[in-house]
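Q: I have a model open and would like to learn how to read its features one at a time. Could you walk me through it?
A: Gladly; let us look at it together.

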Amino acid sequence: MLLNSKLSSRRRPERWPYLFIVPMLVTLALIFFYPLVTVIRDSFYGGSVGGLSYVGTANYVSLFHDPIFIHAFVNNLKLLLTVPVTTVIALAAALILFENIRGWRIYRVILFLPYIIPATVVGLSFSYLLQGNGILNTMLRKLGLNFAVFDWIGSTSISIYSIGAVIIWAQLGFGVVVLTASLLSLPNEVSEAAVVDGATRWQKHRYVIIPQIRETIQFLMVLEAITALAWVFPYVYTLTKGGPANSSMVMDLYIWQYGFGLGAIGLAAAAAVYLLLLSSILIFIYSRLRRKQTSS
Amino acid sequence: MIFSSFKRASLTAVLSASVLIVLAACGSNSSPTAQKTVDPYTGKLVYWFWAESDVPGSTAWMQAAIKRYEALHPAISIQLVPQGSDTLQGAFETTAQSKSGPDIAMQWATLPVLTPVWRGQVASLKGLVSSTEMANWLNTSENVSNGEVWAMPLYLLGQPFVWNKALFQQAGLDPNKGPSTWAEFLADCAKLKAAGITPITMGDKDGFFGSWFQGTVGTQNLNSVKDLQDLYAGTAKFTDPKYSGYLTLLAELKNKGYINSDVSSIDLTQGWQTFAQGKGAMTWTTDGNVASWIKAGMGSKLGVQSVPKVGTGTLSTFYTATQSISAFVTSWSTQKEAAGAFLTWIHQPENLTSWYNATKAFPADKRFDSKLITDPIMKQLYALDTLPNQLWAENYAPPQVDSQGLQVAGQAILSGSSTPTQAAAAVQRVIDQWRTQQPADWKNYKTWAGL
Amino acid sequence: MQKWGAALYRHGFLVFLAIASIYPVWFILQTSLKTNQQYLLDPLGIPLHPIFGNFSTTFSAFPVARWTLNSVIVSVFSVLGATLIALLASYAMVFGKMRGVQVLLNTNIALMVIPPVTLLIPMFILMVDLHLINTLLSVIIFYTGLFVPFSVFFLVNFMRSVPYELIEAAKIDGLSPFAILRRIVVPLSSAALFTLMLVNIIYAWNELLVALVFLQQQNSRTLMAGLALFQGRYSTNQPLVMAGAFVSVLPVLLLYIFGQRFFVKGMMAGIGK
């Protein structure tokens, strides 16, 4: 990575960069900072629309003791488990495609489809797949695999994992395309050299190829983690609506339910602040890890 | 930030301007202003409409009705904006925050209507609709606060208990006799199960069945609406068996295998479709579904009645019916008289007839000619819907308690993740939470209920 | 022999993923080709006598053409806007000598984690105050803002791989920063820019929540929001609902199928180092 600012020893102050970032700053101020300030302010108010009253930190305390909110928080953390799973599967698929098997271009086209399908369509079709007597269970029963039949979205203990599976499905294609692109841009000498040296395929992958695309993998994992924390609402909403019995509740759905559905915007705002805190902590950890990496 | 000062500086102008501009954006030529003598047949109205989910075809009918109205009164134009079920309450609350939006809005009866009323978001109908007119409306008691009626009903929605006569016969039960007591109900379920038929088929993924079960079965040891009001806003506790006993009954049905095994993963509509496919013998449904099943040829197989009797309170003799959705005029509307005139016109006899013929849903008006109903089962349903003793208990629950409490309890029982005791305690916790989080709404509820 | 076995596993794995990927499109298509009666009788089977009535109903009952146009306008303009803003900013952050680049970058990454639902209500009130509610502009502005953090993150990542020598040479030649951007950086980044825009267009097209809340009037709705109205609480005609769902997926699907060559090239250039 080139460190431009360190190259020139004569540090002539330039003004144009500051001008160029103005549109970005204005946009961010309007779309993010202004609403965030409002949200933080709202979080200290209770009641709902038309009847708001100042309650100090009561919302934060209430959420801290609300078993549903805590459950949502834990669920979001559980969804983070999808990150390594998605990455590993995408990597496996990308490596296979990389080896130029027949029809790999077609596979890649098809595997990207889930990414472009809107969440409502995903929710509709997967509901039919995952219902108690849906397509998946019917097939499993036909194949005699009754032990594998579960109530995927109707059981409180596994509903969140089913949602995790759908998220993996939706994100997989993006990962495959990104990783394939990265692999294809590697210089050929790298993989050829390993073959000459007599390495097995697995060794070749592990020690030669994967480290080369490490940064891409990290980039991908960051995006997937961000999705799992903050962009799962459409999937949860259409698949289970957070149920049954709030077992698959996640934080952004909680915010929607209380803020938009019930008008308790103060409580929803406090929940949003908690979500932002969690995300900030994770980003902080990530940037620390990156700094350690680039310096080592 | 800059916008805060912008808001503060020009709030009044912006608020009235935004209403005008929202209306003007529809491309109208007239510019509505506050007038001294108001002509109720001039101007532009925006009507946020919801009924399609209850009554398929209602949106098309309303659109056609509006065209007829506009032909009668060329100086008025009405824009119909259909609302989605999932955003019905949220969209209204969001628009209410900025005190702008539709002239006529709709919300489900009682609490969802009265909450905006208490928040000052609804205009009084006095002076907008004559009292002689309103006297013809049915079920107006569902939207009364401070001695006046605040919203208009459109149709009646009953919640009949339905059974499949052919499947009853197959199990050796009398096809013409539905279970009238809980003991009979359990006995019928046992016989059906023994014959390899799923006794009850419902869908609870969306949670509504939990509220419905509470409303039809769970209120049978109560004596009046006052008991419900006392529960939500007074001193009664949900953990008292007269309120939460029904959870044990629901658990019993589930544990004995009388309910379809995928109940927690299919939604209400799909559960009904399963019944229509003949895969279950009994279900709770709405008038509209019965009508469409008759249309699909199932008429001879359907038996309808009120839910089996299991309690001893006065409410155990009540039928579950409501106006479902109610229309009201918003407090910020600048076209209140025009809105009132339109609402009055919708209830004129010729429109009632036209509505029934198009949708087969029963109009909520005394002037409806019930001789238009020809099908024997629909006649039965109409008789049930117009019984003097009715209650749709869900209407009396604050929306938060309904969705977070009653519906969640139903799902917890049906998915086997809570015992009835645990579920009851959870509902009480939600009631307490609502009171803490929404003290203004609780206070209004108490005043309204006379507690 | 061993090679055959291994190849089988590899193909099997990919075929499994492929089937899983196609499933939703296939399912909604097959359901939309049934009448409601057929569907009630057999929800999961293949329609033996496909009908197209649901599609014609979808188009005749709702202003689908108008909605599609709205979706196109909203997607195109918001993506163009965000890309332009991000392009200027990331160019400045990577090639400009300025302070606070890391702070700006970290801020953008942090903002990527904010779910739109948290911003919804304040933004709605803001749009009402600016008289923009029910206009496509309100949604365009919101989407543009939502896309900027990711776009900046993406472009900064890419631009850091552009050889500085090229920039330096151009500076020595006396080109202004804007000219360098226009004549050198943009052509080099064209594939990455294309990728970025495609990813954002997909999001804008599929977005439902904001469109549903900001655009209430029948004619100003986007395709997704309009069709969502009829997936209601007791919606009884699933094949019709599915026909609508298929129609909503079709434009992006076609765009992808015919444009995927360019897209892949773009991804390769944008992500590969």
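Q: Is K360(B) buried or exposed, and how do I tell?
A: This is a predicted model, and burial in it can be read by counting neighbours: a residue is buried if 20 or more other C-beta atoms lie within 10 Å of its own. K360(B) has 22 other C-beta atoms within 10 Å, so it is buried.

Q: Where in chain B does K360(B) sit?
A: Look in the loop between helix 14 (349-359) and helix 15 (376-385) of chain B.

Q: What should I notice about the backbone of K360(B)?
A: Start with the general idea: most residues other than glycine have a negative phi. K360(B) is not a glycine, yet its phi is positive, about 60°.

Q: How exposed is E14(A)?
A: The cut-offs leave a middle class: a residue is exposed at 12 or fewer neighbours, buried at 20 or more, and partly exposed in between. E14(A) has 14 other C-beta atoms within 10 Å, so it is partly exposed. In the chain, E14(A) belongs to the loop between helix 1 (4-7) and helix 2 (16-20) of chain A.

Q: Which residues does E14(A) contact?
A: Setting aside neighbours within four places in sequence, E14(A) is in contact with G96(C), K97(C) and M98(C).

Q: How many residues take part in the contact between chain A and chain C?
A: To read an interface, count the residues on each side, then ask which elements and residue classes supply them. Here 74 residues come from chain A and 69 from chain C. On the chain A side, helix 3 (residues 22-42) gives the largest share, 11 residues. By class, that side of chain A has 55 nonpolar, 15 polar and 4 charged residues.

Q: How many residues of chain B and chain A are in contact?
A: In this interface, 31 residues of chain B are in contact with 31 residues of chain A. Helix 3 (88-97), helix 16 (399-414) and helix 18 (439-449) of chain B each supply at least two residues of the chain B side. The largest share of that side, 6 residues, comes from helix 3 of chain B. Its classes are 9 nonpolar, 16 polar and 6 charged residues.

Q: What is the largest nonpolar core, and which residues have the most contacts inside it?
A: A nonpolar core is a set of buried nonpolar residues joined through C-beta atoms within 7 Å. The largest one has 310 residues, and those with the most contacts inside it are Y254(A), A271(A), A89(C), Y91(C), L120(C) and V139(C). Helix 7 (residues 136-159) of chain C gives the most to this core, with 17 residues. In chain B, domain 1 (18-153 + 324-363) and domain 2 (158-321 + 390-449) both give residues to the core, so it lies between them.

Q: What does A271(A) touch?
A: Beyond residues up to four places away in sequence, A271(A) touches L63(A), F69(A), M251(A), Y254(A), I255(A) and Y258(A).

Q: How many helices and strands does chain B have, and how compact is it?
A: Chain B has 18 helices and 12 strands. To judge how compact a chain is, set its radius of gyration beside the value for a globule of that length. For chain B the radius is 23 Å, close to the 22 Å that the globule rule gives for 451 residues, so chain B is as compact as a globular protein of that length. Its C-alpha atoms fill a box of roughly 70 × 50 × 35 Å along the principal axes, and 54% of its residues are buried.

Q: And how many helices and strands does chain C have?
A: Chain C has 12 helices and 0 strands. Its C-alpha atoms fill a box of roughly 75 × 70 × 30 Å along the principal axes. Of its 273 residues, 55% count as buried. Among its contacts between residues at least 6 apart in sequence, 77% join residues at least 24 apart.

Note on methods. Residues are numbered from 1 along each chain as its sequence is written. Chains are lettered from A and ligands numbered from 1 in the order in which they are written. This is a predicted model: local features need pLDDT of at least 70, side-chain atom pairs count only at pLDDT 80 or more; totals for chains, interfaces and linings use all residues. Helices (H or I, at least four residues) and strands (E, at least two) are DSSP runs, numbered from the N terminus. Domain bounds come from an automatic or database domain assignment. Two residues are in contact if their C-beta atoms, placed from the backbone, lie within 7 Å. The radius of gyration is taken over C-alpha atoms; the globule rule is 2.2 Å times the number of residues to the power 0.38. Ala, Val, Leu, Ile, Met, Phe, Trp, Tyr, Cys and Pro count as nonpolar, Asp, Glu, Lys and Arg as charged, and the others, Gly among them, as polar.
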